[in-house]
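Open the model in your viewer and keep the selection tool at hand. We will go stop by stop.

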Amino acid sequence: NPKLTTKSKNPIRLGNAVFIRTVTHHYTGRIVELANDTLVLEDAAWIADDGRFSQALTSGILNEIEPFPCPIALGRGAIMDVTDCPHELPRAVK
């Protein structure tokens, strides 16, 4: 039997930088607060165009970026998926 690890692989954890797809938009940011119905992100950006999705995730290069000037809350009911963002979070308009 392979050794079991107790470290969670869930990307939804405090302090984690993430890429989030909702039913209508894509976002990047760092999770700073977790509530039953929302995730709060700081250093957040709306990703208007991520380009080729797999390339964006592996390279961190995104086509269009609109940073938020302050933290945002995303409704958990609208979230489709969340993944780790191992790249520097985008903070400049592109």
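**Stop one: strand β1**

Select residues 17-22. This is strand β1, and 5 of its 6 residues are buried, so the strand is largely enclosed by the rest of the structure. Keep in mind that you are looking at a predicted model.

**Stop two: the partners of β1**

Look at the turn between them: a hairpin of 3 residues joins β1 to β2. Now show R21 and look across to β2, where H26 stands opposite.

Next, select residues 79-84. Here is strand β6, which also pairs with β1 in the antiparallel sense, over 5 bridges. Which residue of β6 stands opposite I20? Show V82: that is the one facing I20.

While the side chains are on, recall a general point. In a regular strand, side chains alternate between the two faces of the sheet.

**Stop three: an aromatic pair**

The count of aromatic pairs comes to 2. One of them is F19 with F53, so display both rings. Their centres are 5.7 Å apart and their planes make an angle of 65°. That arrangement is edge-to-face.

What does this pair tie together? F19 lies in strand β1, while F53 lies in helix α1, residues 53-59. The pair therefore links parts that are 34 residues apart in sequence.

Is F19 buried or exposed? F19 is buried, with a relative accessible area of 4%. F53 is partly exposed, with a relative accessible area of 27%.

Stay on F53 and bring back R21. R21 lies over the face of the F53 ring, at 4.3 Å from the ring centre.

**Stop four: the whole chain**

Zoom out and colour by secondary structure. The protein has 1 helix and 6 strands. Trace the chain along the sequence and you read β-β-β-α-β-β-β.

Now check the dimensions. The C-alpha atoms fill a box of roughly 45 × 30 × 20 Å along the principal axes. For 94 residues, a compact globule would have a radius of gyration near 12 Å; this protein has 14 Å, which agrees.

Show the surface once more. The protein exposes about 6100 Å², and carbon and sulfur atoms supply 52% of that. Buried residues make up 30% of the 94.

Last, display contacts. Of those with a separation of 6 or more, 55% are between residues 24 or more positions apart.

Conventions: Residues numbered from 1 in each chain as written. Predicted model: local features only at pLDDT ≥ 70, side-chain atom pairs only at ≥ 80, totals over all residues. Heavy atoms only, no water. Buried < 20%, exposed > 50% of the residue type's maximum accessible area, 1.4 Å probe, protein only. Helix = DSSP H or I, 4+ residues; strand = E, 2+ residues; numbered from the N terminus. Pairing = 2+ DSSP bridges. Phe/Tyr/Trp six-rings, centres within 6.5 Å; stacked < 30°, edge-to-face > 60°. Lys NZ or Arg CZ within 6 Å of the ring centre and 35° of its normal. Rg over C-alpha atoms; globule rule 2.2 N^0.38 Å. Contact = heavy atoms within 4.5 Å. Areas by Shrake-Rupley, 256 points an atom, 1.4 Å probe, with all protein chains shown as cover.
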